[in-house]
Structure formats: C-alpha cells, structure tokens
Amino acid sequence: MIEAGAVQVRRGAGAYICGEESAMIESIEGKRGEPRHRPPYVAETGLFGRPTLVHNFESLYWVRDISERGANWFNAFGRHKRRGLRSFSVSGRVNRPGVKIAPAGISVIELIDEYCGGMADGHTFYGYMPGGASGGILPAHLGSVPLDFDTLQPYGCFIGSAAVVVLSEVDRARDAALNVMQFFVHESCGQCTPCRAGCEASAQLMQAPVWDLDALGNLGDVMRDASICGLGQAAPNAVACVEQYFNSEVSNG
Amino acid sequence: MGEVYPDKSVHFVLNGQSLEVPQETTILQVARDHGCTIPTLCYRDGCRPDGNCRACVVEIENERVLAPSCRRTVSEDMVVWTDSERVQKSRDTVLSLLAVEGGHAEGPTSAAVTESELSKWLDVFEIRPASPLGRASRTAVDQSHPGFTFDASVCINCDRCVRACQEEQVNGVIGVSGRGAETQIIFGLDDPVADSPCVGCGECVQACPTGALRLPEAVVTDDQKKVDSVCPYCGVGCALTFSVQDDQIIAVEGRDGPANHRRLCVKGRFGFDYIANPNRLTRPLIRRDDVPKDPELLQQAELGQFDWRSVFREATWDEALDMAANGLRHIRDQHGPNALAGFGSAKGSNEEAYLFQKFVRTAFGSNHVDHCTRLCHASSVAALLECIGSGAVSNQVQDILEADVALLIGCNPTVNHPVAATWMKNAADQGTQLIVADPRVTEISRHATDFLQIKPGSDIALVNAMLHVIVDHGLIDELFIEHRVGGFDQFKKHIQQFSPDVMSPICGVPVEQIVAAATRYATAERAMIFWGMGVSQHTHGTDNVRALIALAGITGQFGRPGTGLHPLRGQNNVQGASDAGLIPMMFPNYQRVTDPEARGWFESFWGQSLSATAGLTVVEIMSRVEHPETEAERMRGLYVMGENPAMSDPDLTHARSALARLEHLVVQDIFLTETALLADVVLPASAWPEKVGTVTNTDRMVQLGQAAVQPPGDAQADLWIIQQLAKRFGLNWQYAGTYHGVASVFEEMRTTMGSPFAGISWKRLQREQTVVYPCESEDQPGQGVVFIDRFPTESGRMRLVPTDYRGPDVVVDSEYPMAMITGRVLEHWHTGSMTRRASVLHQINPVPVVSMHPEDASAIGVQPNGSTAVLIRSRQGEVTACVRIDEAVAVGTLFMPFAFYEAAANVLTADKLDPTGKIPEFKHTPVSVQKTTAQPVVSGYT
C-alpha cells in the first residue's frame, strides 16, 4: 500500500507538553519541547517548516474501520444525540478501570455502570474529571452530561483526551485540583510567564485551607488570556470548577 | 501564500484610530510610533523577537487570547486595543509575577537590579508585588568570571542572553536547562561561568534586562558621565561608550556603530583598566649614566617586578625633550639622515601618525619611517597596490551577509576580530557557505562547508591549484577578464603546471576538496575573500596575496556587494597609519616618495626639500644597527612611538641587541615596555581613551574618538610631544585649536590625501562620528564597495601576476622537526603591553603557553593533565613555556602567542623577509621541543 520507510516512528521521552502539537514538532526537530506561537499554524508551517497535519492516534485508529465499513456504520453508534465511538480511559473509584470503547455522548454515570462494573464497592459517586488534567472537575449532580466534543463547554469543562477520573466521597475536589496544578507546575515548558509563574503561584495559594479566590481568579484570567499554549490556558480550569461546584471545600464555614 | 510588497500598506485600527501602516510592521512598532506605552522585556531592538515574557500582549479583535505585540505583524483591517481591561489586567499581573522572579519582592538588592529595565517598567506601571508568589528564588550567585556576575536568583527566563549568545555572537555557550519553574539559564553544561566555553564577550550582560547578568558592583555617583568613543584594540573599530566617574573609566558599553551595532568582545568590554594600571609612565625618564643597555635585562626572570629606578631617573619635560631632540639631531648632523629612523604607531590616531611621518621626513630628512604594518599586512598591501592599485579592502566585513560564498584563508577571526567573526557566523547561519583554509582547526571552521587543513606555508600550492581548476573547468568570468583584467593569456599558460594532482601532496589537501572549494567559489553569484596573517606573514606572503587577487579577478568577484577582497586589518589604526603615510616608500595616500610629482607637491606643501629615496622598513632598520653594509649606512638613532619591537620583531636576540646598540633611543609610550627598557629617554604618553583623534578601521571607516579621562601624572598627549620635538628641530609648526590643534592637523592631513577624503571634514566627523572613505563630497555617504567600474591602476585593469610555488624559507629537518606558528589569543593583544596590565584579561589568561597536538605531546612524554614545561629551540634561540594540549593544532606544528615576555615567541623566529613586502616569516619557524623540568617563569606585570 505504501513504500517501505514511508512511515518513520519517533519516540518522545514522556514530557506532557510534547503532546502539544507544535511542541511535539519542535521535539521531533531535536529542540526543546516548547510550543510555538500561532500564527502561523502548523497546517501552514509545521515540521521542518512544511505544512503538517497533526492527528491523535485514536483518529488514525478508526480510519481503517470507517473506510471498510462506511461512515454510516460509525455514525450509527452514539448516545444522547451524539455520534460515533470514543475510547474513554477511566480511572479512579470504579470496580473495573481501564480503556473502554463506548458510544460518544455517553454520560459518566452510564459509563461507570455499563462499562466499569459500577462504583468501587462501598464508594459513593462524588464527582469526576471528564477530560484529563485540563478538563475540569464536575460534581455528581452533573453526572448525566453527555461526554463528547462541545458538550461540556457550557459547564467550564471539556472532553480533551477523554481520560475520566471518578471521585468518591473519600475524595475532595480541591485535592484533585491541587494535584493537577502541581502536575502542570512540573510539566509546564516554562517559556511564558503566566504559565511558568502562574501555575506555581496558584499551587502555592491552593495549599491554604481557605483559598484566596480573588487572587486565584486573577491568576487564572491571565493564564487563560496570555499563555502561549493550551497547557497554561487550561490550567486554571480545575480551580474555576472547584470555586463553582465545590465551593464549600475551600471557603470558610 | 500572498506576496509581500514592502511598500504596500494596510488599514489598521489602533485603539479606535484608523491608520495606514506598512505591511510587515509589528503591532509594537506601530503602537510605540503612536505614543502607546507598552512594556517589553524579552524583546530587544534589533534581535529576533521571542514573545515569551508576555508583558507586551495586546487585544486583537476576534482572537480568543491576547497576542504578543512584539511578534505579531499588522494585517488588513486588524483592530487592536493596547489598553483594554483585559490587557491591563494581564500586563499588571505579568509584571507583578516578573517582579517576584526578578528579585523585587525581596529585601535590598544590587544596583544592577534596582536600575534594571525591569525595574523601570515596574515604576512606570506602579507595580508592587504583594507577596513572594511565583518561582521560589534561587540563591546561587556565580562570580567565577572576573568580568561579570551571573545571579540566577533574579532571572526571569526572558532568554535575551540565549539569543545574544547563540544568535548574535554565535558563541554557543548559554543554553536553557530544565522545565517549567525549574527552567534555568546555564553556561556550557551547567558549569560555573569561568569553566564554561564562555569567551567573555559580555553580550549577555548587555542584553540582560533584570541585572541577573551584571558587571561588578560600582556605586553610581551623580557626576557619572558617558563618553562615546571607539575601541583601542583591533581593526574592527567597535563603537563604545565609556562610563566615567571620578576621572576613571568604570565600565564600557557597546554602542550602535556601523562596524559593530552594539557588539563588543572581551577586550573591548573588559580590557579598559590598563590605562589606570599603577605601572603607567607618569614622568619623563632619562637613563642613568651608570647603567649600560643590556638586552639580558629583558631575559631576566623577575621582569614583572622590575624597579625602573635601577635604570632610569625622573626628569622634567624640558630636560627630557631637550635630551631626546639633541641626541637625535646630533646624530643627523654628524652622520647624516640615514643614521636616523622613526617607528610610529598603528595604535595612535591618524593625526599622530601624520605628524610623526611629517616629523621624520622634515626633521630627520629621510624616509626611514615605518610601523608595525610591516610585520602584519605589508605583503598584502604590496600585492594589492601592484595588482589593483589600492591597498585597502574592496568590500566591508558585513558584506559577508550578502555573499553566497566566503573564502577565509590564513585568518582566525573569532580570536583576532571577534565582532567581525560574529557577522561571519551570522552569515553562515543564514546560508552563506564558508570555505576555511588553515593549518589549525580554528573556531570559525566549525561553521564551514569546506575546511581545508593545509600544511603550514603551502598556501600558494592550494590557491594555484584552485586557479587551475577554475581555468581548466571553464569557470572563469570571460566578460570581466575581457574588460577589467590584463595578462590573462600569460597567466593561463603559467597556471597549467599547478594541477590539483600535483599540488595536493604539497598542501596536504585532497584533490576532491580542492576541486569542490574552487568550484564553489567560482560558481557563486557573490563570493568574498578574507585573509589574515596566515597568508601575509611568510617570505612568500606577497605571492600568496597575488594568487588570491587572481582568484577574485578571473572569476569576476569584484565591484558588487558580497564580493571582493578583505585583508582583515589588525590594529585599530593600522589602516589609518598607512593612509597617513607612516611608511617608508609613500607619502599620505600612497603617493610614492620616488615620484617627482608627488614629492614636488609635498616639498611645496611642507616648505622644504625632501629625500627622493624610499626609506627602510622595520626589520631592515634593525639589521642596519649592527650589520650595515658600510659604516656610513649604520643606523644609530631611533625614535619610537607606541611600538614594541623588543617583543614584536623577529629574532629577538638580535633585535634587542640592535636596540641596545643604538647610540640614541627615544621611546614614547604609556608603559615601560621591553623596548623602553633599552631607551636613553622615555617620554610618558597618552592612552587612546585619553585622546581626541580619528582612527580608521579595516572597513575604511574614519571614526572620531573622544577623551574620556586625563592622562595620569605628567603624561602628555602624543600630539603635543611630537610638536615639542619638532620645535626643537627648528620646525615652525602652528596647529591652532583645542587638544593641541588636532582638528587642524586632521584638515592638513586631509589636504594631502586628496579626493578619497574630500568629503570628510572634522566638523562632519563631529556630527556623524563615522564616515567611510572614499567620500567625494560632504553630502555623499562614502563608498562601502569600491572598484565598481574600474581599478585605480593606470589602465584601469587588474594586473595578473603569476606566482610560482615557494614554501617557507627554512623547512623543518631532523634537527628542528616541528613548525612553530606564532599568533594571538583572544584575551591578549599583540605584545601584551596593554592587555596583560588589564586586570580582567590578565586574570582570564595569565600563563604563557605553547599549544601542541596530543600526539606530539605524548611523543615527547608530556602527559595531558600535568602542568608540564617544554624547552623550545630554534636556530635563533630558545624559550621555556607551559604546554597546552590542543587537538586543533596540526600534528607536527606548535602554536605560540607572542604576548608573553616570559616566553617571548619571537626569540625563536627568524628575520628573513619577503622580498617585496619586507615582512618576516612569523608563521613558520622550524623548532625542536623537549620536555623540561625547568620551571617556566610566569610573572605578569605587577
């Protein structure tokens, strides 16, 4: 089908930021994995200066099935008016964590019950992170929101890589939020001030029993508005979710 | 992709105001042009914008996130807000985060931090960090380098230093390590600065906006003034600014001059305090009657702690000047003008050089005036004058940025013309292909497409082989040859014998490499040739340059930007000194003394008759002291200004013996140099930063220097001293005006030089500070590229002079099996008289060394990590020095700088000269080397 050597495989060394498309390109070019400024977009100027398509491996995975079985076959899957199949990486307080191929649009409650054997024995559903470290944190009472692209934005979250983390009553959202902020402190490339200094300042503030929500909000605004890439822009999401949905964990009384 | 028309403008809305701005302008440029205040930290004028600090972000309508205005260019109908609420909030928060990272949330801190760019922006926007949020401070302060401090605790990771080091100076030292909040700037492989490959250019210090990279603390007083001037060291002619306090220079900054655009090297930036060294001559000295001149004195170990009182006594100026003049006049009257000579300075001003040669010609009555160009590019200038009628460069250094190919042969620019080398490296980064030919693996060769490691002294074999390839493969420029070149047919026949097959074993370069390099040069649209001492300092140096001239001539590489010939001029004013006639065969502007018309003009202009015979050159003058052909020709008296032949002449044993043999030696200098130690009268003179005067760099830029401080003690301006001596010879010189009439001297010199200086008046230099010659009129800018339509020869054509292969005068043999090459090192200038008395430079590089390849070293039992000494012997003498093992040195050769009196390399060299250029063969001396237990002396100058 293709000539030998047409596909070259490159391995990364595991830095989270090298999953960002332009940082990945920088890394493949042998440089520090630091995201580029856009414009120009990588579709115009990408790897070695050439127009580049950057795809998630999951997308490529489905190409064969869709070309063999047809678009209608793929679109026949889906729930709550969403279409297609997704792989969800579910972890946390469930009986059977793991990678689940499930209909797009499935809710987390359905995902837990139908694909993960229910909540872990003795645990009550408390909240969940719908999309990895940057996707935000939602409370149990929002457990019926369809999980797909563009369905979570109204709630201040997004599906991201569909890495779902399920929390129970033994967990606190603020701990999860601090955990991901410390993750970002560790994984930030360090190029730009809002992310480099903002993540660290946020992590420091998030250790207080009572959060200074004004200060954190201010930092969050700047990180969203002025970071070079999505890591810094999305890092405040968990903080904003805690403020909105788990406020009692971080306030007085 | 749409085309970019530089003249096209776009409609752009700035804070509600509609504008038409040129395409390709950044938002920052437009905003600042229209009075907006936008803070910038990682952005630096003239450098690639990085956009990482985010202080300059602005709001662009319909974009989700804010944009860095330093990077974003305007586009049609773009709407931008520089002061919206979103922007203000981002800016304030970013600045307060940077304030913490930059050390402003902590207690008292250094002046460099509180006076930094960051600090100024915090003031402008009234930012006060509330608490130390953000990156935990690092406490590491690196003071290992004597010139500057690296304080990582106040670094904001703007990466200006990285760009300065990697992209501007291209030294590749500073990098970034770690990630996120652990990101840090490192030198080398995270080494202390002093252990890293840092060359001390200080570009990073100049670039740093926070004070993380800073100069040593100096209390800044209210009376600090800034004086613009030019660097005193090399021929690049970097513009700089002295910071002066209490009549002392305390710091140097790079200034945006045409040769350097703010860049400097370690010498220019950190080597300024030699002028304040306690060894400065401050009183005239007269040799004590009871102390004979003994050259052995210079060989004495403890020279660094030498007590001048054991040889000289202080005198008043009148007594010293009288004795100086009387001694010289007496010799002239008793023995005739041929018994006297003068060595002027390539480090002094044009005005001093002009007066000095006028003095020798009118007071001594001969043309025996010369300077250190004789030891430098004499062969180059001789060949250039012979072949194309002009000895100066045809294209300036920065033309290399326009060149497709550049041949760098026998030069080591990263060491000897560091800022010029940065342009070369920039050009290589942009795609210019460098062909480097040298016996040593030089730093610049790392940027080369072709590196031709030639055997020492085999340049003609290489270049003639390249010429053969070009002729043989039909790569000549026929049109250019037809109209601009003479003698091609004979040349073509002659070159047939120099095929690459025959020449390859002689020069040691494989045939394919010769062919590739020749083809690359000849087929380039624009190709340039740079060369240095490796080409000129040979007994066949003139031939070497004749061959290079032919290379450019038969390929038509002349008269356009990015083409031509550039002999890299060494001293800060060697070009100017030659132009001003400080040479034995020519008056100012290269008019031959033997030409009756020229001589007649000068006789009329100077009001007396002048010698019709060309004078003697430096080495010839020295050999006439002890070995004249007849008594009548014996050289008996010498006046030396700002030269140190007791270190720079070849065969020092004989040169020093000759100096000691002189009946009367007058030395005018700023230090008691090795030459001054043998003088009868020593006149304390002024250093460059104490002068007003002009100097001319390698690019033919005439630049004005201002006095930043006064000479110490009773030291006087050289211009005054020469005029005082002239007075005592009965010359009625009247130079009106301030600073000893310097402007009048310049104007007189200009008159003698004719049309190239017609447009360069003193007043214009005061206004513009730099003007290039040739410059026909005051309203013209001066020509960077010359020989556009013709060469300044009688026929207008280049003359091709065929050359035969001649190797070095004396080749290695079983008794002296290695070839020693002398040269320079980055931190030290020539004989070391200035730089070894500059505290930072001396600290960086204090030890006299000789460099050897590891194979040669181990063959004589020298271990890599010991500090071993070796005894080096040649037919002329012997020297003991410490060994440095260096793989860059070719097997079978040694490299030795001539800056260290304790191991004076020129004790070993011979005084055989190139027949035309009269330059010695510093680049090839057969020597023998053996390990020794004798300890080499390392004294320095206290």
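**View 1. B:Arg767 and B:Glu778 meet side chain to side chain in a salt bridge, at 3.8 Å from N to O.** Bear in mind that this is a predicted model, where local features need pLDDT of at least 70, side-chain atom pairs count only at pLDDT 80 or more, and totals for chains, interfaces and linings use all residues; side-chain values use heavy atoms, with hydrogens and water left out. Residues are numbered from 1 along each chain as its sequence is written, while chains are lettered from A and ligands numbered from 1 in the order in which they are written. A salt bridge here is a side-chain nitrogen of Lys or Arg within 4 Å of a carboxyl oxygen of Asp or Glu. B:Arg767 belongs to helix H28 (residues 762-768) of chain B, and B:Glu778, eleven residues apart from it, lies in the loop between strands E31 (770-772) and E32 (798-799). Helices (H or I, at least four residues) and strands (E, at least two) are DSSP runs, numbered from the N terminus. B:Arg767 is exposed at 56% relative accessibility, whereas B:Glu778 is partly exposed at 34%. The cut-offs: buried is under 20% relative accessible area, exposed is over 50%, and partly exposed is in between (1.4 Å probe, protein chains only).

**View 2. A salt bridge ties B:Arg280 to B:Glu690, with 2.8 Å between N and O.** The two partners come from distant parts of the chain, 410 residues apart: B:Arg280 from the loop between helix H7 (266-270) and strand E14 (285-287) of chain B, B:Glu690 from the loop between strands E28 (681-684) and E29 (693-696). Buried or exposed, what is B:Arg280? With 5% relative accessibility, B:Arg280 is buried, and B:Glu690, at 3%, is buried too. Over all chains, the structure holds 61 salt bridges.

**View 3. B:Glu748 and B:Lys358 form a salt bridge, their closest N and O atoms sitting 2.9 Å apart.** This one links two helices of chain B that supply residues 390 apart: H27 (residues 738-753) carries B:Glu748, and H10 (residues 350-364) carries B:Lys358. B:Glu748 has a relative accessible area of 16%, so it counts as buried. B:Lys358 is buried as well, at 8%.

**View 4. Strand E35 (residues 869-873) of chain B is largely enclosed by the rest of the structure, because four of its five residues are buried.** E35(B) runs antiparallel to strand E36 (residues 878-885) of chain B, with five bridges joining them; strands pair if DSSP finds at least two bridges between them. Four residues separate E35(B) and E36(B), which make a hairpin. Across that pairing, B:Leu871 faces B:Thr880. E35(B) also pairs with strand E38 (residues 925-932) of chain B, again antiparallel and over five bridges. There, B:Val870 has B:Lys931 as its bridge partner.

**View 5. B:Asp222, B:Asp223, B:Asp246 and B:Asp247 build a negatively charged patch on the surface.** Patch members have over 30% relative accessible area and no salt bridge, with like charges joined within 9 Å and nonpolar side chains (Val, Leu, Ile, Met, Phe, Trp, Tyr) within 5 Å. Lys and Arg count as positive and Asp and Glu as negative, leaving out His and the chain ends, and each charge is placed at NZ of Lys, CZ of Arg, CG of Asp or CD of Glu. One of the four, B:Asp247, is in the loop between strands E12 (239-245) and E13 (248-254) of chain B. B:Asp247 is partly exposed, at 44%.

**View 6. A:Met1, A:Ile2, A:Val7 and A:Val9 make up a nonpolar surface patch of about 580 Å².** Accessible areas come from the Shrake-Rupley method with a 1.4 Å probe, and for residues only the protein chains shown count as cover. A:Met1 sits in the segment before helix H1 (21-28) of chain A.

**View 7. Strands E1 (residues 85-92) and E2 (residues 98-103) of chain A pair antiparallel over six bridges.** They form a hairpin with five residues between them. Which residue in E2(A) is the bridge partner of A:Val90? That would be A:Gly98.

**View 8. A:Phe158 sits in the loop between strands E4 (138-139) and E5 (163-168) of chain A.** A:Phe158 is partly exposed, at 26%.
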